[in-house]
Structure formats: C-alpha cells, structure tokens
Amino acid sequence: GTLKSTHARLPLWMWYTAIQQIVSRCVSPVFKEVHPVFEDILAKLLNEHMSQSAWHVMQLQQSKSPESKATYGRVCAKVHKQQLDGLEFYSQLFQGLNHLCA
C-alpha cells in the first residue's frame, strides 16, 4: 500500500516513534510528493499528544528556512483550534529556552 493509505491504518503512537524522521522529510525536496501526508501525521500527533510532539515540531517554526516555516504553518492549519493554545505555549517556552541558551 501507499504511505497515504498506511498512515490511516496504523495506530498513532507508531508514528510518534519516527517523529524526527517525519519532521525532516516534511522539508526534504526528495519527498515533496508526500509532504501533505507527513504534515497530516504531524498534525494528528499534535492533536493527540501535544506535550510529546510539540518539542519536535518547534524546529520547523524556529528554522531560518522559509520552507520549514511554511511547513510549520501548514501543519498548524491542520491542528484542532482547541490545541492551538497549547502549541502557542510550547512555542513561547521553546523561544525562551533558546534565548537562555544564546
């Protein structure tokens, strides 16, 4: 089967084990045709497991790459509205921690 049909059948926690690879492939030009599928997976992970997933997705938001930032925006557009406050919290926390480390 294709990635699109497989991702709907697998339990969400299975995708979490590969979240770093999914994040990196969301911006890889080699995997451009499946970017929407990876973005859907990330949004579902954020919707169900915000605390665990937000840390991994913040690298897209914090990137200097316009493509990474655009990917972050597309993922956020798929996140449930009630989860956006949580995502904003992690974004501010991540930025604060980055500032402390600089």
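I began with what covers the buried residues of α6, and found that the cover includes α4 (35–48), α5 and α7 (81–101). The model is a predicted one, in which local features need pLDDT of at least 70 and side-chain atom pairs count only at pLDDT 80 or more, while totals for chains, interfaces and linings use all residues. Residues are numbered from 1 along each chain as its sequence is written, and side-chain values use heavy atoms, with hydrogens and water left out. I took helices as DSSP runs (H or I, at least four residues), numbered from the N terminus, and contact as heavy atoms within 4.5 Å.

**Helix α6.** I listed the buried residues of α6 as S68, T71, Y72, V75 and C76, where buried means under 20% relative accessible area, exposed over 50%, and partly exposed in between, with a 1.4 Å probe and protein chains only. Viewed down the axis of α6, these buried residues fall within an arc of 135°, so they line one face of the helix; the arc is that of the directions from the helix axis to the C-beta atoms. On the other side of α6 I noted P66 and A77 as exposed. The 12 residues of α6 reach 17 Å from the first C-alpha to the last, close to the 16 Å expected at 1.5 Å a residue, the expected span being 1.5 Å times one less than the number of residues.

**R74.** I then looked up R74, which is found in helix α6 and counts as partly exposed because its relative accessibility is 33%. Leaving aside neighbours within four places in sequence, R74 is in contact with E39 and E67.

**α5 against α6.** How do helix α5 (residues 50–62) and helix α6 (residues 66–77) cross? Their axes come within 6 Å and cross at roughly 130°, the axes being lines fitted to C-alpha atoms over the stretch in contact, with angles running from 0 to 180 degrees between N-to-C directions. The pair α5 and α6 is therefore oblique, since angles under 35 degrees count as roughly parallel, over 145 as roughly antiparallel, 65 to 115 as roughly perpendicular and the rest as oblique. On the α5 side the contact is made by V57, M58, L60, Q61 and Q62, and on the α6 side by S68, K69, T71 and Y72. I sorted these contact residues into 4 nonpolar, 4 polar and 1 charged, with Ala, Val, Leu, Ile, Met, Phe, Trp, Tyr, Cys and Pro as nonpolar, Asp, Glu, Lys and Arg as charged, and the others, Gly among them, as polar.

I41, which lies in helix α4, counts as buried because its relative accessibility is 1%. I41 touches H7, W15 and I22, if residues up to four places away in sequence are set aside.

**Helix α7.** I found L87, Y90, S91 and F94 buried in α7; seen down the axis, these buried residues fall within an arc of 110°, so they line one face of the helix. They pack against α4, α5 and α6. On the other side of α7, Q82, D85, H99 and L100 are exposed. With 21 residues, α7 reaches 31 Å from its first C-alpha to its last, close to the expected 30 Å.

G86, placed in helix α7, is partly exposed, with a relative accessible area of 25%, and its C-alpha is separated by 8.2 Å from that of S51, 35 residues apart along the chain. L100, also placed in helix α7, counts as exposed at 69% relative accessibility. Between the C-alpha atoms of L100 and Q62, 38 residues apart along the chain, I noted a separation of 15 Å.

Definitions and conventions:
Helices (H or I, at least four residues) and strands (E, at least two) are DSSP runs, numbered from the N terminus.
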